[in-house]
Amino acid sequence: MSKNNVKAISDTLKTQILILGGFVAIMWIVQILNLFLFRGTLTFYGVYPRHPDTLRGIMFMPFLHGGFPHLIANTIPFVTLGWFVMVREIRDFWVVTAVTMLVSGLGVWLLGSTGWHIGASGLVFGYLGYLLSRGFFERNLPSIFLSIIVGVLYGGIIIGVLPLQAGVSWEGHLFGLIGGGIAAWSLSRRPSIP
C-alpha cells in the first residue's frame, strides 16, 4: 500500500471520528446543560405531535435526551451504526441522517402519541433501516454482507418499533427505520461515479 493510500485512509478515518465525535459531543453537552443549567426544560424543544410550534423539534429531537441512561443507551449504537453508514462514503452519512431526521420527526409529529418525543434513537433506527435495506436495494456482495453483519449485531433492537414500553417513542423508532429504508432506496438509485 502506497503512502498516498495510507494517508487517504488516515484522513478518512479522522474525518469520520470528527463527525461522529462531534455529534456525540453535542448530545452530551446538551444533556449536561439541560440537567445542570436548564433543569430539564430543553425537553420542550423536542417534538410534541400535532402542535405547530414543535415542528422545530424535528431538528433538535436527536440531541435531547431524558437523562444520562437514555443518552448512554443511544451513544454506542449511534456511533457503531453511524460509522457503518459512512464506511463506503461519508456523504451517505449526511444523506441518511437528513432523511431519517425528517421522516422520523414528521412521522412522530403527524402520528405520534401525546407527549414529548426526544432522543437519538430515531437516528439509530434510521441507520439500522438503511444498513439492513442497502443489501436488498443494491444487490451486491459487500452491501449484502454488511446487511447480514448489522442484522446479527443489532437486529434484536427491531422490536423497539412496537408499542411495548410506556414512555418510549416507538413511533420515532418506526419512522426512523422507515426513513433509513427510504435513504437506502434513494442512494441505491444514484448514478455511480467512475
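Student: How do the residues of the lining of the largest cavity divide by class: how many are nonpolar, polar and charged?

Tutor: The lining of the largest cavity has six nonpolar, five polar and no charged residues. Here Ala, Val, Leu, Ile, Met, Phe, Trp, Tyr, Cys and Pro count as nonpolar, Asp, Glu, Lys and Arg as charged, and the others, Gly among them, as polar. Please note that this is a predicted model, in which local features need pLDDT of at least 70 and side-chain atom pairs count only at pLDDT 80 or more, while totals for chains, interfaces and linings use all residues. Residues are numbered from 1 along each chain as its sequence is written, and side-chain values use heavy atoms, with hydrogens and water left out.

Student: What makes a space a cavity and not a pocket?

Tutor: Both are found on a 1 Å grid over the protein atoms alone: a cavity is a set of points where a 1.4 Å probe fits but cannot get out, whereas a pocket is an open set with protein on both sides within 12 Å along at least five of seven lines. Lining residues have an atom within 4 Å of a point. A search of the whole structure for cavities of 30 Å³ or more finds two.

Student: Where does the largest pocket have its centre, in terms of lining residues?

Tutor: Of its 28 lining residues, Ser121, Gly167, Val168, Ser169 and His173 lie nearest the centre. The volume of this pocket is about 550 Å³. α3 supplies the largest share of the lining, four residues. By class, the lining has 13 nonpolar, 14 polar and one charged residues.

Student: Why is Ser121 called buried?

Tutor: Buried means under 20% relative accessible area, exposed over 50%, and partly exposed in between (1.4 Å probe, protein chains only). Ser121 has a relative accessible area of 12%, so Ser121 is buried. Ser121 belongs to helix α5. Beyond its neighbours within four places in sequence, Ser121 is in contact (heavy atoms within 4.5 Å) with Asn74 and His173.

Student: How do you know whether Asn74 is buried or exposed, and what makes its link to His65 a polar contact?

Tutor: The relative accessibility of Asn74 is 7%, and Asn74 therefore counts as buried. A polar contact is a pair of N or O atoms within 3.5 Å; within protein, one must be able to donate a hydrogen and the other to accept it, and residues adjacent in sequence count only if both atoms are side-chain atoms. The side chains of Asn74 and His65 are joined at 3.2 Å, and the pair is listed as a polar contact. Asn74 is found in helix α3.

Student: What makes a group of residues a nonpolar core?

Tutor: The members are buried Ala, Val, Leu, Ile, Met, Phe, Trp, Tyr and Cys residues joined through side-chain atoms within 4.5 Å. The largest such core has 31 residues, and Phe78 and Leu81 are among those with the most contacts inside it. α5 gives the most to this core, with seven residues. Apart from it lies another core, of five residues, including Val47 and Trp109.

Student: Why is Arg39 called exposed, and what is its phi?

Tutor: Arg39 has 67% relative accessibility and therefore counts as exposed. Its phi is positive, about 55°, although Arg39 is not a glycine. Most residues other than glycine have a negative phi. Arg39 lies in the loop between α1 and α2.

Methods:
Helices (H or I, at least four residues) and strands (E, at least two) are DSSP runs, numbered from the N terminus. Grid points are joined across faces, edges and corners, and a volume is the space filled by probe spheres set on the points.
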